[in-house]
Amino acid sequence: MTIIAVSGGKGGTGKTTIAVNISLILSRVRGHKTLLVDLDVDNPCTYTLLGVSLREVVHVKSFKPEIDELKCTLCGECTRYCPTHALVLIADKLLFLSSLCEGCAACLYVCPTSAIKEGRKVIGWIKEAGKGVLDVIVGEAKPGERKTDDVMEETLKYALKKLQPYDYVIIDTPPGTSRGIYEALKASDIIVLVTEPTRLGLADLKRLYSLTRGIGRPIIVTVNKYGLKGGSYRELEDFLSREDLPSVFIPYDNSLLRSYIRGECVIEQQPQAPSAQSLLQLTDKINEIEIKIKKKGLL
Ligand code: SF4
Ligand code: SF4
């Protein structure tokens, strides 16, 4: 079983489209039992592209203080230690602002009268769907929830316990370099970094590359929207050759664009399109790296 993380420094590079299409190639085109894990907990949309309905399987919960007013002496100690000002003393009342609470539990430990007890609040959900040889696990944060890394980590832990029947697990991470993303990259065997040929895309690629390089997994850079007019091609190609990074270029053709607008997958709708062929090349490159790391006994 091989775990492949698909990640990108900035939003809008087409990371989810690539993760979904790789999953479809591995499962429906090549017949491997595949699990797609969507960790883009603020905006999960893999299941929309796949046209599957999810069922809720787990409520992700976090600490929330429950205040016993009879024991509270209004000393204010908890308000001083609360890092997000979710506890506020106003006149003779201690107010708890739930939306600001990050569940660190500092208030629980500093209260001198044990007036704070451990409560739980729902911060998100883990959902599942199955579609033939392709299953999906999706993490979703409650709207406005700040603890998205916790929802990501719980979803990842849940998925990692279910690896047994799968040949491939594809993890679609959100953009950025947060703690939850780092955990997902560490859990992977191969990392696909998705970028676009713009100055901003290159800057974000460099930032994410500096994080992933330290993890020590093989990296494939996928340059999406290749051919976009006015792109920073020279700088991007210089960077790829300087770092000796294997790369695949996915052209921004009309088929890919049309599929994206319709919420469909190009590999299923237009398998002969140049973008679909490049996605097949990307999957081949993943397989080549897989063979290499298997030979080294790392898989
Ligand atoms: S759990 Fe942490 S963030 Fe929430 S109220 Fe207590 S101290 Fe503040
Ligand atoms: S630390 Fe405890 S006693 Fe003091 S204000 Fe907070 S809840 Fe009340």
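How many helices and how many strands does the protein chain have? It has 11 helices and 11 strands. One caveat before the details: this is a predicted model.

Confidence, then. The protein chain averages a pLDDT of 92. Of the residues, 99% score at least 70. Which element has the lowest mean pLDDT? That is helix 9, residues 254–262, at 81. Strand 8, residues 168–172, has the highest, at 98.

Now the overall dimensions. Taken along the principal axes, the C-alpha atoms fill a box of roughly 70 × 40 × 40 Å. The chain has 299 residues, and 42% of them count as buried. Look at the contacts with a separation of 6 or more: 76% of them come from residues 24 or more positions apart.

Next, strand 9. It covers residues 190–195. Is this strand mostly covered or mostly open? Mostly covered: six of its six residues are buried. In a regular strand the side chains alternate between the two faces of the sheet. Here, I190, V192 and V194 point one way. I191, L193 and T195 point the other way. Both sets are buried.

What does strand 9 pair with? Strand 1, residues 2–7, is one partner, parallel, over four bridges. In that pairing, I4 stands opposite I190. Strand 10, residues 219–226, is another partner, also parallel, over five bridges. There, L193 stands opposite V221. And what links strand 9 to strand 10?

On to ligand 2. How many residues surround it? The shell holds 13. The closest are C72, C75, E77, C78 and C111. By class, nine of the shell residues are nonpolar, three are polar and one is charged.

Last stop, Y81. This residue sits in helix 3, residues 77–81. Why does Y81 count as partly exposed? Because 14 other C-beta atoms lie within 10 Å of its own; buried would take 20 or more, and exposed would take 12 or fewer. Which residues does Y81 touch, leaving out those up to four places away in sequence? A106, C107 and V110. For scale, take Y81 and I181. They are 100 residues apart in sequence. In space, C-alpha to C-alpha, the distance is 28 Å.

To recap. Strand 9 is buried in six of its six residues. It pairs in the parallel sense with strand 1 and with strand 10. Y81 is partly exposed.

Conventions. Residues are numbered from 1 along each chain as its sequence is written. Chains are lettered from A and ligands numbered from 1 in the order in which they are written. This is a predicted model: local features need pLDDT of at least 70, side-chain atom pairs count only at pLDDT 80 or more; totals for chains, interfaces and linings use all residues. pLDDT is the predictor's confidence in each residue, from 0 to 100. Helices (H or I, at least four residues) and strands (E, at least two) are DSSP runs, numbered from the N terminus. A residue is near a molecule or strand if its C-beta atom, placed from the backbone, lies within 6 Å of it. Ala, Val, Leu, Ile, Met, Phe, Trp, Tyr, Cys and Pro count as nonpolar, Asp, Glu, Lys and Arg as charged, and the others, Gly among them, as polar. Two residues are in contact if their C-beta atoms, placed from the backbone, lie within 7 Å. Two strands pair if DSSP finds at least two bridges between them.
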